[in-house]
Every structure is written in C-alpha cells, then in structure tokens.
Amino acid sequence: MADTAYDVIIIGSGPGGYVTAIRAAQLGLKTAIVEREHLGGICLNWGCIPTKALLRSAEILDHANHAKSFGLKLDGTMTADVKDVVARSRGVSGRLNGGVGFLMKKNKIDVIWGEAKLTKPGEIVVGKPSKPAVEPQHPAPKGTKGEGTYTAKHIIVATGARPRALPGIEPDGKLIWTYFEAMKPDTMPKTMVVMGSGAIGIEFASFYRSMGVDVTVVELMANVMPVEDDEISKFARKALEKRGLKIITEAKVTKVDKAANSITAHVETKDGKVSQITTDHLISAVGVQGNIENLGLEALGVKTDRGCIVIDGYGKTSVPGIYAIGDVAGPPMLAHKAEHEGVICIEKIAGVPGVHPMDHGKIPGCTYCNPQVASVGLTEAKAKEQGRDIRVGRYSFNANGKAIALGEDNGMIKVIFDKTTGELLGAHMCGAEVTELIQGFVVAMNLETTEEDLMHTIFPHPTLSEMMKESVLDAYGRVLNA
Amino acid sequence: MPINITMPALSPTMEEGNLAKWMVKEGDTVSAGDVIAEIETDKATMEVEAVDEGTVGKIVIPEGTEGVKVNELIAVLLEDGEDASALESSGNGTGAVAGNAPDKAPAVPDSAPVIEVGAKAAGDPMPAPSTADGSRIFSSPLARRLAQQNGLDLAQLSGSGPHGRIIKRDIEAAIAAGTGKAAAAPAAAPAAAAPAPAPAAGPSAEQVLKLFEDGSYELEPHDGMRKTIAKRLTESKQTIPHFYVSVDCELDALLALRAQLNGAAPTDKDGKPAYKLSVNDMTIKALALALRDVPDANVSWTDDAMVKHKHADVGVAVSIPGGLITPIVRQAEMKPLSVISNEMKDMGRRAKERKLKPEEYQGGTTAVSNMGMMGVKDFSAVVNPPHATILAVGAGEKRPVVKDDALAVAMVMTVTLSTDHRCVDGALGAELLAAFKGYIENPMSMLV
C-alpha cells in the first residue's frame with residue numbers, strides 16, 4: 001500500500017473522530033486522521049473540558065463563600081484571579097490535547113495536518129486551513145504528515161460544528177462573544193447578557209454568576225434548558241434565580257447597539273414590549289451548526305439537510321464510501337453521541353457482527369451549571385405525546401442523608417415508567433453531582449431493566465444514588481424516606 | 001448424625017430418573033464404593049455407589065419409583081453406633097423426612113430435604129427462563145415482561161442483543177411477524193412455563209385409546225429412553241430442515257481388504273484374534289475420514305454461529321431392547337480400524353446392558369445407522385442434533401452394474417446421507433458423500 005493510501009481516513013480529530021480512529025486501528029484498519037487546528041477538537045480544546053475546569057474554579061469559590069455554613073472560617077476574602085483561572089483551564093485542555101497525540105501514536109494512526117477536501121470518492125486533498133485558528137493554540141503535534149493527496153476506501157467526515165450566528169448580532173470577539181471568547185476573558189466583566197439558555201449558555205451564565213458578574217439570560221422558549229423535562233427546567237430556573245441570575249424567557253434580542261466599551265441589547269418579550277439592557281458583553285449561545293462547508297460535499301452529491309450531513313443509522317451518506325458522524329451528522333450535538341456513532345460506523349465498515357444502529361432514545365445529556373442538570377430518555381411531556389400510559393416517581397434531595405451532609409439539599413430526581421410494561425422511559429435530575437448519577441439510569445435503560453429490577457438492586461448507603469431508588473419506589477407508591 | 005443419600009445427577013442435564021432397583025436393604029452395612037442402587041435415566045441404567053460407610057437406616061424411595069428428582073432424598077445411612085432412633089432425632093430440616101414419613105408412599109414427602117435445585121420461590125414473578133433442556137435463555141427483564149404480556153415463548157425467539165440476548169426489539173419483531181407464540185398462551189403464566197415444543201402435539205392419549213376397543217390392548221408405560229427418543233426425534237423433524245443424498249458404493253475391494261486384514265490379525269494364546277473388522281467399522285472410519293477431508297460438513301448448528309468441529313466423533317446407532325442408543329467413537333479419523341472395531345464391540349455390548357456412561361453417548365458430530373444386516377436396501381435416517389449429518393447404510397448385495405459398457409456383477413450398498421440443511425447444504429452433502437464413496441471403493445486409502 002502506498003504511503004498515502006489508507007483503509008480509512010477520518011476528517012476531524014474531535015471526540016467522535018479520534019475515538020473512531022482508535023477503534024479503526026483496533027480493528028486492524030490502516031487509519032489516518034486529518035486535523036487543521038487542534039487534536040481533540042472543540043470538545044477538549046474549546047468546549048466540554050475547559051469549561052468544566054472553569055466551572056470547578058467557580059464551584060470552589062461558591063463553597064468558600066459558604067464556608068461559614070460548614071463551620072469554617074476564612075480570614076479575609078477569597079477572590080478569583082481571572083488570568084490564573086483561565087490559565088488553569090487552558091492547562092487542563094493542553095494536557096488532554098497532548099494525550100490525543102499520544103493515543104494516535106500509540107495506535108499507529110497517521111495524523112495529517114491541514115484542511116481536507118473530498119475530491120472524489122476515496123480521495124482527499126489536504127491543504128492550508130481556510131480559516132485562521134482560534135488563539136491561543138496548543139503546539140501542533142510532531143511527526144504529522146502534510147499537505148497532499150491521500151486515498152482511502154472509506155472516508156469518515158467528523159468535522160463537528162461551530163457557533164451559530166444570528167443576523168445583526170454576529171459575534172465580533174470583543175463585545176459579542178461566542179464560547180471561544182467567553183472561555184478566556186482577560187478581565188472579569190461587571191455585567192453580561194447571555195443569549196440562549198441551552199447547555200452552553202446556561203453553563204457560562206452559571207460560571208460568570210459565581211464569579212460575581214451580574215448576568216441576564218435571554219431565552220426564546222418558555223423554559224431554560226428547553227430540551228429538559230418541564231418540571232426540571234422550572235426547578236433549575238428557581239435555583240439559578242436564587243443564586244442571583246436574571247432570567248427572561250419567551251424573549252429575544254432583536255438588535256444591539258454597540259458603544260466603545262458596552263453593548264445595549266434590545267430584548268423583546270412575548271407581549272411585544274421591548275426593554276434595553278446595557279452590558280459589558282453579550283454571549284451568543286443560540287446553538288451550533290455543522291461544519292459542512294469547503295469539504296467538497298456538494299460537488300460529490302453528498303446529501304445535506306439544514307446544515308448537517310444526512311446519514312443512515314450506520315453513518316453512511318448518500319455517496320458510497322463517504323460517511324459522517326458526530327455534530328456534522330446532526331443533533332443531538334454531544335461528544336458522547338459522536339463517539340458512539342463513530343464506533344458504530346467503523347464497526348459496520350469492518351463487518352463486526354452484532355452492530356446495531358444508534359438508538360437516539362438512550363443518549364444522556366448533562367449540563368454543568370450550579371445546580372447541575374442531567375437526563376436520559378423521554379420527558380413526561382414527550383411520553384404523554386407518544387400516548388404512553390405512564391407512572392412518574394419523584395424524590396427530593398432534602399430527604400437524602402448524604403445530600404444534607406454535603407450541604408446540597410436542593411435538588412430533585414424524577415423517573416418515568418411505562419405503566420403497562422414497567423419500561424424505564426426517562427430519568428431527569430437537577431442537583432449536586434447529578435451528571436455523575438445519571439449513568440445509573442442509562443445503564444438500566446440500556447439493559448432494559450424494569451421497575452422490578454431497579455427495586456431489587458441494592459444502592460449503597462449513604463449516597464446520593466439512594467435517591468434514584470427512592471424515585472423508582474415513589475413511582476409505585478412505595479417510597480420509604482419521604 | 002444420619003447421612004442423607006439423595007438422587008444423584010448422573011449427567012449434567014439430568015433432572016430426574018427412575019429408581020430402578022435397590023441393591024441393599026434396610027439394615028445392610030455398606031462401605032464407600034459399594035453399589036447400593038441402580039438408577040435408570042433417559043438413556044442408560046447406572047449404578048449408584050455409596051460415598052460413606054454405615055448401615056442403611058431407611059429406604060425412602062422404593063424401587064420402581066419413576067421421575068425421582070435429582071437431589072431428592074432416597075435413603076438415609078446411619079453412621080457407626082447410631083441406631084434407628086437417630087432417624088427421629090435428626091430433625092434438622094434435612095433429615096427429618098425419613099422419620100416423619102416412615103410408611104408414606106413413594107411420592108416425595110412435602111418437606112423433602114431437596115437441595116434447592118429447580119425449586120422456585122413461589123413469589124418470584126419473573127423467573128429467568130430456560131430452554132427445554134434447562135439451559136438459561138438470556139433476555140432483558142423488559143423482554144421477559146413483554147413476552148409474558150404478549151404470550152410469547154422466549155425459547156422460540158432468537159436474540160439480537162450482545163451474545164444473543166433477547167431484547168425489546170426482538171420481541172417487537174416477533175409480535176410484528178406473529179412468531180414465537182407460546183403453545184398454550186395464558187397471559188398470566190410466565191412464558192418460560194409454557195410447554196416447550198413437545199412431542200405431545202399429536203392427538204392426546206385419550207383420543208388415541210378411544211379408537212380401540214377396551215381390552216384389545218395392553219398399556220406399557222414409556223421408560224426414560226422411549227420418552228427421550230420421542231422427544232428428540234420429534235424435535236429434530238420439527239426444527240431441522242432435512243435434506244437427503246443417496247449414492248451406491250461398490251464393496252468388492254473393501255470386502256477383499258477386510259478379509260485380508262482379518263486374516264492377518266495376530267492371535268493371543270487362546271487363538272483369539274486381536275481384532276475382527278466389520279464392514280460397519282470400515283464405514284465409521286470412511287465417514288470420519290470424509291469429514292476430515294470436507295471439514296465444512298463437520299459442523300453443528302446454533303442460532304448464532306456455526307460450530308466447526310476439529311474432529312469427527314462418529315455416533316453409531318445401536319439397537320437395543322426397548323430402543324436405541326448411539327455410543328460415540330471419538331476422533332474416529334485418527335484411530336486405526338482395529339481400535340474403532342474394538343471400541344465398538346465394547347460399547348455395543350455395554351449399550352445392550354444399558355451400562356454406557358453419559359459421556360459415551362452424548363455429543364458427537366455425525367452418526368451412522370446401519371440396517372444392512374437386516375437386509376434393508378436403503379432408507380433415510382433422522383438427524384440427531386447436535387449432529388448435522390447422519391448416514392443411513394443399507395445392505396451390501398450383488399447387483400448388476402455396468403462396467404466398461406458391459407453388464408457385470410458387483411457387491412453394492414446404497415447409503416443415504418441426511419443433512420441439516422441449515423448448516424450442510426445439498427452440494428456440500430454431495431461432496432461429503434463423494435469423499436465417503438472414495439474411501440469405501442479405494443479402501444487402502446483408509447490405511448495410510
């Protein structure tokens with residue numbers, strides 16, 4: 001095989017791309033991955049990971065501000081040093097970025113540095129990036145291959161997504177930020193408006209609020225985190241407002257007026273009233289869109305729909321030999337969905353027996369605001385919409401020993417079962433550490449347990465997880481500690 | 001402390017057996033290794049040996065009792081120095097029965113100290129289902145409940161989850177396709193309790209007997225072997241798509257070689273030859289070698305994978321009073337004819353005495369059924385799973401054959417190969433049979 005011929009080339013080294021590459025290598029396929037900017041993609045350079053680092057600083061600051069309630073005395077005050085908080089976040093990201101480079105080397109996956117374009121089925125040309133990289137970047141890995149023509153039997157597009165921009169309110173990197181700028185402030189602003197209350201918007205709102213910023217969230221829908229269960233969204237909103245976050249729902253920013261060092265957002269509510277909020281920065285977090293441009297997809301006839309590549313359950317596009325996974329292949333745009341989609345795609349290519357298409361009904365979602373929100377499966381409204389006869393169980397953090405001991409007694413867990421079959425249809429949580437708890441229900445759903453098996457499962461005491469069992473018991477009128 | 005003797009499991013799949021005969025009586029002294037009883041299982045009669053020494057204090061299950069569950073108490077042994085009164089005092093839950101029910105009929109006392117095998121807590125609403133032979137069916141809890149609610153028998157479904165686990169989508173597919181219905185589908189009963197594909201699908205005993213006049217017949221209850229034959233062969237014909245291939249083999253060369261080999265057999269001091277090969281022995285060897293040459297036919301079917309065997313283990317149907325059994329010549333392709341011949345003699349003799357061990361007749365990768373000695377010209381046999389093939393061998397007889405465009409007379413036998421078409425297709429069966437014919441007609445090749 002020529003040096004530039006591969007079994008599989010993956011375009012994009014985000015969590016979907018690099019995990020797919022490793023799985024391909026495990027399956028004995030000669031694999032290369034193309035990256036134009038940063039190994040690990042948005043997720044670990046400008047998304048999931050660095051924001052978790054920022055939020056950890058915020059969490060420790062929150063705890064310190066409540067030290068007294070734990071019987072602890074802090075002499076003087078604890079304040080955030082913006083530069084150091086950001087530096088830590090970049091450091092965390094850099095460590096993982098280097099880790100992906102190591103994983104590629106370990107699995108003998110060639111890294112091709114540059115921007116790829118599909119020229120014909122089975123061939124790409126790698127050239128210079130069509131857009132400048134977001135700075136600062138971690139150093140590019142050593143030993144990569146460069147610009148040129150490469151061939152592969154299978155080409156997997158995993159180019160991810162980028163922030164969506166609203167016309168007239170395009171991010172400028174100074175007054176109007178996307179997550180890129182919001183992740184590396186030079187100084188802490190005094191005030192801020194966050195447009196959009198999805199996971200990205202609400203996490204930044206929560207972070208900046210913890211840092212003492214006066215934050216206003218503007219959401220188009222009736223609830224914050226509108227994909228979540230109505231009850232959980234309302235619960236989270238109350239908790240966030242208690243922390244001093246201002247939230248305006250069923251409202252949109254219609255236009256902005258920029259001054260030298262401030263920006264005025266015109267916020268129109270459902271009743272048609274327009275108010276003006278003048279603030280230091282506006283964060284635009286109104287969703288992300290697939291990176292489908294400059295790939296040569298159109299010329300090859302790869303079908304796209306609303307900014308995403310159309311695929312079947314195994315990542316196949318409308319053109320044989322070309323596949324797509326992750327954000328670029330459509331929602332939900334989540335790293336773990338991309339990873340799983342990639343594994344399914346490559347295993348199907350390699351002919352691994354027992355591969356089944358992605359089940360979109362069992363993809364968990366986590367939001368790391370304070371308090372955290374996590375969920376999997378159907379919301380109560382969706383279940384009813386599907387005509388399901390359901391049983392709902394709830395349990396509150398304020399009746400759980402561990403939660404009280406942690407000083408985290410504000411939260412709730414909600415489960416939804418099919419009344420006839422006992423199938424666990426959905427689980428929804430808000431409160432401390434729920435992003436770690438949710439996986440218990442994800443495993444349960446994936447193994448198709450019913451309420452009976454969950455009730456027969458021993459949950460350790462004292463843990464937050466006991467609330468999961470209690471919520472199940474509650475759905476069947478058997479709750480113990482409530 | 002009295003020692004409980006329970007019904008032993010004489011094979012991994014044995015669930016119950018008939019207590020055919022007691023070799024000891026109450027009061028007898030036994031030591032470890034003594035044969036104390038004979039147990040009849042589905043296929044064989046086996047001896048039960050005492051593990052401990054002592055005096056037989058009480059025989060709980062009288063001989064002739066059928067369907068004694070494995071681990072059921074069958075007798076109580078008294079240790080040295082104990083007398084019958086110890087039976088009364090041994091009320092620790094495991095020995096109580098012997099004293100409690102001294103004269104009760106053979107049936108199992110309610111409180112029998114049965115080790116909890118197969119005993120299910122009555123309150124367990126969702127037992128893990130199992131197949132007819134007791135092996136576990138892997139399925140998700142949701143799939144089990146959906147199967148129960150929809151009257152499906154999990155044993156009839158195949159799973160698409162990891163390692164063949166039956167999951168929700170398999171149930172939904174079965175509902176959509178209208179397959180997998182439990183035979184009697186009471187929605188309330190767990191699917192696992194639904195009858196497995198049973199030979200009883202035909203007319204009931206009552207319906208049959210109604211057709212004959214009272215007194216015009218005698219009823220002879222089935223023994224374990226008869227039930228097993230009925231069950232297995234019904235299962236085979238119902239689930240295995242049979243396919244048949246026949247071929248004629250000329251035997252003259254084989255008979256000549258056989259005479260030569262037998263004539264050359266060394267004799268011991270009594271003048272007894274070390275071996276005496278039969279045509280059947282050579283047939284076994286020829287089939288084993290043919291399977292070695294055509295390994296794709298040496299397989300077993302499972303729903304998930306083809307089981308490709310590394311050796312040809314040839315079962316040989318042996319007719320015995322009351323039924324038949326197939327002792328197995330293991331790795332027959334590796335064994336000299338003399339070894340095959342002597343093994344067959346030994347196993348054939350013990351088969352007739354129903355003294356074969358389970359490992360001697362369970363498994364195998366193919367089988368030979370020979371009715372040549374009864375003058376049968378040709379017939380087709382029923383595949384005996386897990387085998388994928390069975391060779392039905394007819395009689396060798398002089399027949400007119402065409403040789404060099406002229407009529408001639410040759411010894412010819414007709415063999416018919418039955419195959420499980422799920423794993424051995426027609427052409428593959430033909431290939432196997434051609435290889436077999438090659439060995440039979442060029443028998444010297446079996447010796448190298």
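Select helices H3(A) and H4(A) and look along the place where one passes the other: their crossing is right-handed, a word used when the near helix is turned clockwise from the far one by less than a right angle. The model is a predicted one, in which local features need pLDDT of at least 70, side-chain atom pairs count only at pLDDT 80 or more, and totals for chains, interfaces and linings use all residues. Residues are numbered from 1 along each chain as its sequence is written, while chains are lettered from A and ligands numbered from 1 in the order in which they are written.

H3 covers residues 48–65 of chain A and H4 residues 82–106 of chain A, and the two pack at about 145° with their axes 8 Å apart. Among the residues that meet here are A:Ala53 and A:Leu54 from H3(A) and A:Val92 and A:Leu96 from H4(A), where contact requires C-beta atoms, placed from the backbone, within 7 Å.

Next, move to chain B and select residues 279–293, helix H8, together with residues 426–441, helix H11, whose axes come within 8 Å and cross at roughly 130°.

Finally, return to chain A and select A:Ile155, which, leaving aside neighbours within four places in sequence, is in contact with residues including A:Ile9, A:Leu118 and A:Tyr323.

Terms used. Axes are lines fitted to C-alpha atoms, for helices over the stretch in contact, and angles run from 0 to 180 degrees between N-to-C directions. Helices (H or I, at least four residues) and strands (E, at least two) are DSSP runs, numbered from the N terminus. Two residues are in contact if their C-beta atoms, placed from the backbone, lie within 7 Å.
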